[in-house]
Amino acid sequence: MSDLFSSPVLKIEQPRRLPSAKSQYKVFDAGGTLLARAEERSVSLKRQAWRAVMLDGSDQRTVQVENAQGTPVLLIERPKTTRATWVSTPDGTLHGSIRMDAYEWRYLLLDAAERPVGRLDGNKTARKFKVLDPAGTHVAQVDKKWKGMATELLTTADRYSVTFFHTLPDPLRILVVAAPIGLDLMLYEGKDVPDFLDGLTP
């Protein structure tokens, strides 16, 4: 039976909701079996309302990932206004991070000691990302699916897929599993936040 860290294909989906309010995801295998749920914890209704009204996608977010049995397996954190995410164990031990490189739509995959273990090379629309290992081998693919203009602009019901071409060592495998949620937190939770809203807080 496949699980979150052994399945060769992952499908990540968000519920249809207003942009920014609360980050939530479900992860399935290729056959549609639920492997994990992920969502922010302890986000007040006031904070959710602020995010939805102000489209505050830049707010700090910490998403807890639980397996299908409800056991926490990962924490994915995106600090406020930062184009980077940190991936940890449930008790806070760092696996590594996903960080924007100097090149647009390229992200470095770093271990806990900030050594590169791979990278994500995105296309110009930031919807297709090749996962490359340190030798430059294309070891996996992360894609964001187009769901129609209204869904894309007015909700955060995004959908991603991850396909592994090779068996990967940790922490690279863990970072690739976390990559769709990390990319979503960095790129899409605000749905094009207007510049004049930057810096405002409730």
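Here are a few questions and answers on side-chain contacts in this predicted model. Local features need pLDDT of at least 70 and side-chain atom pairs count only at pLDDT 80 or more, while totals for chains, interfaces and linings use all residues. Residues are numbered from 1 along each chain as its sequence is written, and side-chain values use heavy atoms, with hydrogens and water left out.

Q: Which residue forms an aromatic pair with Tyr107?
A: Rings of Phe, Tyr and Trp (its six-membered ring) pair if their centres lie within 6.5 Å, and planes under 30 degrees apart count as stacked, over 60 as edge-to-face and the rest as tilted. Here the centres are 6.2 Å apart with 65 degrees between the planes, so the pair is edge-to-face. The partner of Tyr107 is Phe129.

Q: Is Tyr107 buried or exposed?
A: Buried means under 20% relative accessible area, exposed over 50%, and partly exposed in between (1.4 Å probe, protein chains only). Tyr107 has 0% relative accessibility, so it counts as buried.

Q: How many salt bridges does a search of the whole structure find?
A: A salt bridge is a side-chain nitrogen of Lys or Arg within 4 Å of a carboxyl oxygen of Asp or Glu. One of them joins Asp101 and Arg106, with the closest N and O atoms 2.6 Å apart. The search turns up seven.

Q: Which residue forms a salt bridge with Arg61?
A: The closest N and O atoms are 3.2 Å apart. Both residues of this pair are buried. The partner of Arg61 is Glu40.
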